[in-house]
Amino acid sequence: MEYRKLPHGEELISTLGLGTGSLTEVSEKEIEQIIKKAIENGINFFDLCAGNRKVFKPFGKAIKVQREKVYVQVHFGAVYNDKDEYSWSRDLKTIKDTFAYILNALNTDYVDFGFLHCVDEEDDFEKLKSNGVFDYLKELKAKGIVKHIGLSSHTPSVANKVIDTGLIDMMMFSINPAYDYEYGDELGIGSVKERKELYIRCASLGIGVSVMKPFFGGKLLDEKQSPFKVSLTKNQCLQYALDRPSVLTCVPGVRNLNDLNELLSFINTMPLDNDYSIIGTFKINKIENNCVYCNHCQPCPMGIDIGIVNKYYDLAKVGDELAKSHYHKLKLNATNCVQCGHCNSQCPFNVNQMQRMREIAEYFLKN
């Protein structure tokens with residue numbers, strides 16, 4: 001398992017996390033087994049926007065003697081109706097009551113991430129502020145009951161407004177090729193440019209991202225449902241999301257133990273198994289000449305990691321000092337490019353990497 005550090009903290013988060021929204025049909029015993037097996041295999045990050053209230057008690061049992069091993073993400077606004085089914089609310093008392101229930105069910109006195117839930121419209125954030133929910137979350141953080149404040153959103157412009165508060169350490173966002181390249185549904189909000197700029201801004205500010213909907217609700221896995229009419233594998237979708245700037249973890253949901261076993265195969269895959277450069281054949285004009293860090297141009301004859309060089313460059317241009325530092329620590333960088341043209345001939349997105357390497361080398365010589 002690979003782990004990535006939360007920039008505004010010490011937490012090392014597993015790149016493969018787990019969502020609980022689909023755990024509605026199995027027994028509480030199997031839910032407990034799923035969580036325990038996930039932890040045994042290195043997963044330490046869990047999104048607790050559960051599809052049913054019954055998830056919390058078995059989850060609490062699963063982590064009872066290993067609370068320090070896991071990080072939980074709880075949504076302030078995700079609530080449950082009289083049938084224990086997922087719903088949502090902006091009412092402060094309802095949200096407080098739900099959070100109290102969750103703490104008790106988990107048998108814990110804190111959560112690692114407290115999220116403003118589903119902030120998709122500007123009015124959503126205004127309601128969360130005027131209703132006192134945002135202040136409540138800040139109070140919980142001051143008391144140590146919530147370690148980090150975050151938000152979940154599908155809308156770049158609104159996410160940016162919340163980020164402007166300077167209080168956000170983590171964001172949950174829907175990332176997949178369909179959404180990123182404007183081939184998604186009504187939740188794939190924002191242009192190619194807006195979405196990429198949001199990821200880069202998060203990276204430059206040290207805001208981590210946990211990814212929801214990496215498979216586009218399963219549609220990317222089925223050529224008949226995919227907007228590209230070509231199927232991708234789960235591993236390709238996960239790797240695509242993990243290669244976006246600022247992403248720390250993907251939290252796909254599972255329905256049962258069989259789903260978890262299938263998901264865990266990602267841990268032991270080889271890079272070739274996760275190569276998503278096939279999206280370069282989808283004729284997506286919006287990403288022509290745009291490096292997406294897929295490294296399909298590898299192996300570079302000189303040994304340069306072209307994808308990471310491009311990523312550090314994109315981040316550095318928006319003021320990410322850490323990215324500059326990481327670039328300068330690379331054993332090989334753009335100055336080692338001999339302009340052989342191998343990368344240009346391999347790039348599925350028609351990026352002129354020879355020109356990019358010259359541009360990047362010049363930039364970092366001055367910075």
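Visitor: Is T249 buried or exposed?
Guide: This is a predicted model, in which local features need pLDDT of at least 70 and side-chain atom pairs count only at pLDDT 80 or more, while totals for chains, interfaces and linings use all residues. Residues are numbered from 1 along each chain as its sequence is written, and side-chain values use heavy atoms, with hydrogens and water left out. The terms are set by relative accessible area with a 1.4 Å probe and protein chains only: buried is under 20%, exposed is over 50%, and partly exposed lies in between. Because its relative accessibility is 0%, T249 counts as buried.

Visitor: Which backbone nitrogen does the side chain of T249 reach?
Guide: T249 is found in strand β12 (residues 247-250); helices (H or I, at least four residues) and strands (E, at least two) are DSSP runs, numbered from the N terminus. Leaving aside neighbours within four places in sequence, T249 is in contact (heavy atoms within 4.5 Å) with residues including F45, M170 and L242. A polar contact is a pair of N or O atoms within 3.5 Å, where within protein one must be able to donate a hydrogen and the other to accept it, and residues adjacent in sequence count only if both atoms are side-chain atoms. At 3.3 Å, the side chain of T249 reaches the backbone nitrogen of G17.

Visitor: Which side chain is joined to that of N310 by a polar contact of 3.1 Å?
Guide: N310 has its place in helix α11 (residues 306-316) and is buried, with a relative accessible area of 0%. Its side chain reaches the backbone oxygen of I306 at 2.8 Å. Not counting residues up to four places away in sequence, N310 touches C291, Y293, Q353, R356, M357 and I360. The polar contact of 3.1 Å joins the side chain of N310 to that of Q353.

Visitor: Within what arc do the buried residues of α4 fall, seen down its axis?
Guide: In helix α4 (residues 122-130), the buried residues are D124, F125 and L128. They line one face of the helix, because, seen down the axis of α4, they fall within an arc (taken from the directions from the helix axis to the C-beta atoms) of 95 degrees.

Visitor: Which elements are included in what covers the buried residues of α4?
Guide: Just after α4, G132 takes a positive phi of about 90 degrees. The cover over the buried residues of α4 includes β8 (111-116), α5 (133-142) and α6 (156-163).
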